[in-house]
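Thanks for coming. I will go through side-chain contacts in one model, and the structure is on the next slide.

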Amino acid sequence: MKYAHRVTAIAAISVALSACSGLGVQPWERGVLARPDMAPNSAPMTNALDDHIYFSKEASSGGRSFAGGGCGCN
Amino acid sequence: MKSYKNLSLALAGASCALMGSSVQAATAGEADVGDWDLSSAVLFYSEPDRVSAVEPILKGVKRIDTDETLTLKLTLDSLTGASANGALPSDRAQTFTRPSGNGSFVTDAGETPLDDTFRDTRVAFNASWEKPLSRMTRMTLGANLSSEYDYTSLSASSTFSTDFNQRNTTLSYGLSLAADTINPEGEIPIAFSAMKNAGDPPNRRTDSDDKTTVDALVGVTQVIDRNSLFVVNYGLSQADGYMTDPFKVLSLVDNNGRPTVADAQTGLADVVYENRPDSRTKHTVYAQYKRAFDANSLDLSYRFMSDDWGVDSHTLDVRYRFNRSAQSYWEPHVRLYQQGEADFYRAFYRDGEQPSAGDQTEFASADYRLADMTAYTLGLEYGRSGTHPWALAMEYYTQSPNTPADAFGVMKKQDLLPPVDAVMLRFKYDF
């Protein structure tokens, strides 16, 4: 059963990656993507502060990064 | 703002950012090898009549080599104010013993019981080291230490990211292990035992307990075209150990729906300490889409979380940056959040129906953070670039827990779970 799950997971990742292979740009087309505001985590300080607040005020955590705690606020 | 010097740095920053490590490559884009790049932030958080917090962060990124960085981050977190203890408001005044067991406080009729001794200072230190393992694979190792008066957390993480498809696709995968110890004021109460009068021997089980958390995260960052990219992450988190809030209680109510009194002389409320499961498995799916519209950019993300406590939540986050010029920007922010209640959430027990003291097989919590709830955030940030970029943001956050469906009798005349509002002010400055 575990083996089946593993095969399914590998297959899913492979399909996802191969689907991605049709997307993308050439190296010389990346000017806009290289802008700081286009980085996925373009505001790490803001995200760190937000994650801490919402972790301590709501029942959810993680997603963008690891869900683990680190404080006694929840 | 500083700009990326080349794409590999940009994508390296993107891929490590995906996994929650800091964007060393991004912030160190213009630093020379050997230099330290320092940045800072401070958050002021205030709920009227409840919690206030001040949280400064200082971060340094050392460029060890052109593609290798060491990041050190120090966070202080100072909390004061009052926090809801889970008891229901009543149409008469209620007395509660403070967690220390020494002293008590009185909540007026019609008021939400708030424990006003909430005060703590947390110090957190994070270190992460990022280096390439091969031309296409990078590794980030992280260590975190967080310490406060009654809580200590140690964690270590490793994250790898590999580029494919002419670096248009980045696969990231990581693991984090955390070990926490809680040593609360007044020790750890016995589950479902009654609160005692101040000065009387309290119902305490032990002085400390611990918790371990294992987190795994796998994600893909994909460039779509020259203006857009997306991120999809899946996270699995398994926590085992003490996850009860030692300061939270549940009210016992009579047949009229009125909170009962344990001691008529002192007015001590008839409440029992909560108990939560000692295991929690969380699944999260996170999707983010970024798109540039000429000089401006959209950052849209959605998170679904589901755990075996029965909590399902949806989080939608939208930021739009208006880059007015190369020197300044405005960024409005909207966040919408909705969660369903935990299976064991309940606002009260009818007197006599509560589990017997010490029963670890039953679970219950009246913590509104585990209740049905919606929340939203509205914010606006203004930022300036240049030699020392800075940004100032103001945000308003409000939580609206739903009134418990089983409320009855006189308790329905009370505002059982009033909305919680907060104002946040955030300032960031790069040295």
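**Charges, rings and burial**

I start with a charge over a ring: the charged end of B:Arg350 sits over the ring of B:Phe408, 4.0 Å from its centre. The rule here is NZ of Lys or CZ of Arg within 6 Å of the ring centre and within 35 degrees of the ring normal. B:Arg291 also has its charged end over a ring, that of B:Phe293, at 5.5 Å from the centre.

Some housekeeping. This is a predicted model, in which local features need pLDDT of at least 70 and side-chain atom pairs count only at pLDDT 80 or more, while totals for chains, interfaces and linings use all residues. Residues are numbered from 1 along each chain as its sequence is written, chains are lettered from A and ligands numbered from 1 in the order in which they are written, and side-chain values use heavy atoms, with hydrogens and water left out.

Now chain B as a whole. Chain B has 2 helices and 25 strands; these are DSSP runs numbered from the N terminus, helices being H or I with at least four residues and strands E with at least two. Of the 431 residues in chain B, 53% are buried. Buried means under 20% relative accessible area, exposed over 50%, and partly exposed in between, with a 1.4 Å probe and protein chains only. Among the contacts in chain B with a separation of 6 or more, 63% are between residues 24 or more positions apart, a contact being heavy atoms within 4.5 Å.

Next, salt bridges. Over all chains there are 25, each a side-chain nitrogen of Lys or Arg within 4 Å of a carboxyl oxygen of Asp or Glu. Which residue of chain A does B:Arg426 meet in a salt bridge? The partner is A:Asp50, at 3.9 Å from N to O. That pair crosses between chains, from strand S25 (residues 420–430) of chain B to helix H2 (residues 44–57) of chain A. B:Arg426 counts as buried because its relative accessibility is 3%, and A:Asp50 counts as buried at 5%.

B:Arg426 also forms a salt bridge with B:Glu395, with the closest N and O atoms 4.0 Å apart. B:Glu395 lies in strand S24 (residues 390–401) and B:Arg426 in strand S25, so this pair ties together parts 31 residues apart in sequence. B:Glu395 is buried at 3%.

B:Glu381 is in strand S23 (residues 373–384), 47 residues away from B:Lys428. Both are buried, B:Lys428 at 13% and B:Glu381 at 4%. Salt bridges that share partners join A:Asp50, B:Asp317, B:Arg319, B:Glu381, B:Glu395, B:Arg426 and B:Lys428 into one network.

Last, aromatic pairs. Rings of Phe, Tyr and Trp (its six-membered ring) pair if their centres lie within 6.5 Å; planes under 30 degrees apart are stacked, over 60 edge-to-face, and the rest tilted. The count is 13 pairs over all chains. A:Tyr54 and B:Tyr397 have ring centres 5.1 Å apart and planes at 70°, so the pair is edge-to-face. A:Tyr54 is in helix H2 of chain A and B:Tyr397 in strand S24 of chain B, so this pair joins two chains. A:Tyr54 is buried at 5%, and B:Tyr397 at 1%.

B:Trp390 and B:Phe427 have centres 6.3 Å apart and planes at 35°, so they count as tilted. B:Trp390 is partly exposed at 32%, and B:Phe427 is partly exposed at 33%.
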